[in-house]
Amino acid sequence: MEQITKIIEFTSEVSILEISYLVASILFILGLKKLSHPATARSGNLWAAAGMGAAILFTILFHKQNGQPIGNILWILVALAIGSFIGWYASIKVKMTAMPQMVSIFNGMGGACAALISLMEFPKMQNAMALAGDAHMLGGEGIAILLGLMIGGVSFAGSMIAFGKLDGRIGDIKHPILRIINLSFLVVLLVALIVILYMQPIENNNLPIYLFALAALIYGVTFVMPIGGADMPVVISLLNSFTGVAAAMGGFLYGNQAMLTGGILVGSSGTILTILMCKAMNRSLLNVIIGAFGVAGAAGTEDGDKTVKEISLSDAAVLLSYSQKVYIVPGYGLAVAQAQHLCHELDNLLSSKGVEVKYAIHPVAGRMPGHMNVLLAEADVPYEKLVEMEDANNEMANTDVVMVIGANDVVNPAAEDDPSSPIYGMPIIKVLDSKNIIVMKRSMAAGYAAIPNNLFYHQKNRMLFGDAKATLQKLVAEIKSL
Amino acid sequence: MEEILKFFLEYKEMIFIIILSIFLGIEVISHVPAVLHTPLMSGSNAIHGVVIIGAIIVMGHAESTLSLIFGFIAVVMGTLNVVGGFVVTDRMLEMFKKKK
């Protein structure tokens with residue numbers, strides 16, 4: 001009799017846990033769904049967070065492995081507290097311009113977590129299999145552990161490099177030999193994966209798995225290293241989906257539905273997001289990964305003597321004030337200078353003079369798609385003023401002045417008329433269709449993708465040199481005094 | 001061939017979940033406006049932090065000090081991913097809401 005009640009109690013705890021995973025999975029799906037609509041996005045994020053909280057809480061309370069409940073609870077709580085505090089503090093403090101780096105770090109943490117799990121589960125599995133006298137380690141468990149380790153490791157190392165690049169700590173190394181090293185490492189990894197699976201399990205024979213982990217880390221570095229800075233958003237998105245798959249491998253290993261659905265959802269949606277980004281830049285994913293960007297074609301436009309026309313602050317002020325329609329094309333330079341608030345001030349000032357001011361947002365302006373929208377939203381620019389590229393291009397012909405602030409590649413006409421240019425074919429904001437162009441820029445240096453821009457030499461264009469913030473400040477003052 | 005069939009049978013529920021989740025992920029995301037790409041990436045970044053459950057399981061059943069230490073690091077990293085991811089996303093989305 002006593003035994004029967006015990007069994008019922010045991011199963012009811014397990015069912016509560018499984019129900020909590022079901023609820024978590026539903027909340028993840030609904031959260032992602034809501035995240036895709038502007039009006040519901042914020043609550044979607046909270047729903048997903050609630051699902052995560054429930055899954056974590058019920059795992060600690062009710063999870064059992066071979067009948068054993070979760071131990072070391074005090075240590076687990078300490079680890080949760082430390083992670084929560086650091087994560088929360090870093091997220092509160094980070095500047096909106098540094099957001100892509102932050103996402104990259106968090107992504108790397110997830111990847112490292114997945115890799116560590118595999119690294120600890122492998123010896124357990126191998127010892128158990130050695131005891132059972134198995135001939136090899138091929139099977140669902142082994143595959144899940146090794147793939148989790150490989151993908152997680154690549155994602156961790158890659159994210160750290162991506163962080164370094166975005167933060168300007170690591171430059172691009174674009175040597176063709178890297179591509180060969182890169183490919184050979186991938187081959188080595190895949191071969192090693194198969195070899196380990198077919199190895200006979202020997203107790204405490206952990207050297208192969210450590211070497212495998214090391215190879216995954218090195219591949220993560222060589223994978224991201226040759227990819228140009230301008231492609232980092234794509235890479236982060238790709239690594240994001242990698243981590244999703246790594247998490248799903250953990251779910252497969254533990255037969256854990258919350259990990260499985262959460263991981264796969266991120267893996268597949270992340271892949272789609274990556275492809276959407278590539279499309280916005282008119283590049284294939286393969287092209288991005290091989291890292292051909294910025295090497296060729298950079299020298300393709302050295303023809304004739306080119307003169308740059310400058311515009312004075314007062315001329316710019318007059319031109320803007322007496323226009324009917326002005327488009328601002330913001331780029332990362334604007335954000336770096338923290339000038340988005342001033343930009344909004346300029347826009348308010350001009351609007352009060354009866355000028356119609358709008359912002360043309362290129363899909364990849366900033367460092368991540370949609371990054372510019374976040375930055376302008378931070379400066380209280382109304383949503384309706386942000387016009388997507390295609391709609392903005394349709395209105396260019398009746399625009400009096402286009403002001404390009406800290407943007408470069410997204411307005412480079414080479415994308416349309418120079419087949420030798422690496423960005424040829426990328427959709428751009430067609431500023432040349434407008435009547436006047438003012439490019440506000442620090443110097444004549446090339447943009448993030450290191451491609452020269454002929455727009456600067458065009459007869460319609462005039463340059464307004466200087467730091468975006470200081471120049472905007474002066475421009476606002478100038479317009480006020482008109 | 002027989003191995004593959006056996007593998008499929010053994011893990012059929014999970015294979016079903018994986019395949020269906022792949023389609024679901026694609027469906028859910030495909031109509032997202034470009035404005036939300038960054039918050040969406042950040043939000044999904046937080047969701048894959050669900051890997052922390054695995055870290056908790058490992059740590060909860062750790063037998064040696066070494067695996068306890070590794071588990072501890074894994075849980076801290078997983079929590080960073082979860083908490084940081086959700087808070088950063090919330091901060092971004094807060095800005096969209098403010099000017100309504």
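Let's start with contacts in chain A. Take the pairs between residues at least 6 apart in sequence: 80% of them join residues at least 24 apart. Two residues are in contact if their C-beta atoms, placed from the backbone, lie within 7 Å.

Some ground rules. This is a predicted model: local features need pLDDT of at least 70, side-chain atom pairs count only at pLDDT 80 or more, and totals for chains, interfaces and linings use all residues. Residues are numbered from 1 along each chain as its sequence is written, while chains are lettered from A and ligands numbered from 1 in the order in which they are written.

Now chain A as a whole. Its C-alpha trace spans about 90 × 50 × 35 Å along the principal axes. It holds 17 helices and eight strands. Those are DSSP runs, numbered from the N terminus: helices are H or I with at least four residues, strands are E with at least two. Of the 482 residues in chain A, 49% count as buried. Buried means 20 or more other C-beta atoms within 10 Å of the residue's own; exposed means 12 or fewer, and partly exposed is in between, with C-beta atoms placed from the backbone.

Next, the sheet. In what order do its six strands lie? The order is E5-E4-E3-E6-E7-E8 in chain A, the sheet is open, and the pairing is parallel. Two strands pair if DSSP finds at least two bridges between them. At the edges stand E5 (386–388) and E8 (461–465) of chain A; each has a single partner strand, so one side of each is left without a neighbour in the sheet. From one strand to the next, the twist averages 25°. For angles, axes are lines fitted to C-alpha atoms, for helices over the stretch in contact, and the values run from 0 to 180 degrees between N-to-C directions.

Look at the E5 end. Strand E4 of chain A, residues 356–361, runs parallel to E5(A), and three bridges join them. Ala360(A) stands opposite Val387(A). Tyr359(A) has Leu386(A) as its bridge partner. On the E3 side, four bridges join E3(A) to E4(A), again parallel. There, Tyr327(A) is partnered by Lys358(A).

Helix H9(A), residues 257–280, has 24 residues and reaches 34 Å from its first C-alpha to its last. That is close to the expected 34 Å, taken as 1.5 Å times one less than the number of residues. Is H9(A) enclosed or open? 18 of its 24 residues are buried, so H9(A) is largely enclosed by the rest of the structure.

The other is H17(A), residues 468–480, where we find Thr471(A). Thr471(A) counts as buried because it has 21 C-beta neighbours inside 10 Å. Leaving aside neighbours within four places in sequence, Thr471(A) touches Met440(A), Leu464(A) and Gly466(A).

Finally, chain B. Its domain 1 covers 1–31 and its domain 2 covers 34–100. These bounds come from an automatic or database domain assignment. The C-alpha centres of the two domains lie 24 Å apart.

How many residues does each chain give to the contact? Chain B gives 77 and chain A gives 92. In chain B, the largest share of that side, 30 residues, comes from H5(B). The side of chain B that touches chain A divides into 48 nonpolar, 23 polar and six charged residues. Ala, Val, Leu, Ile, Met, Phe, Trp, Tyr, Cys and Pro count as nonpolar, Asp, Glu, Lys and Arg as charged, and the others, Gly among them, as polar.
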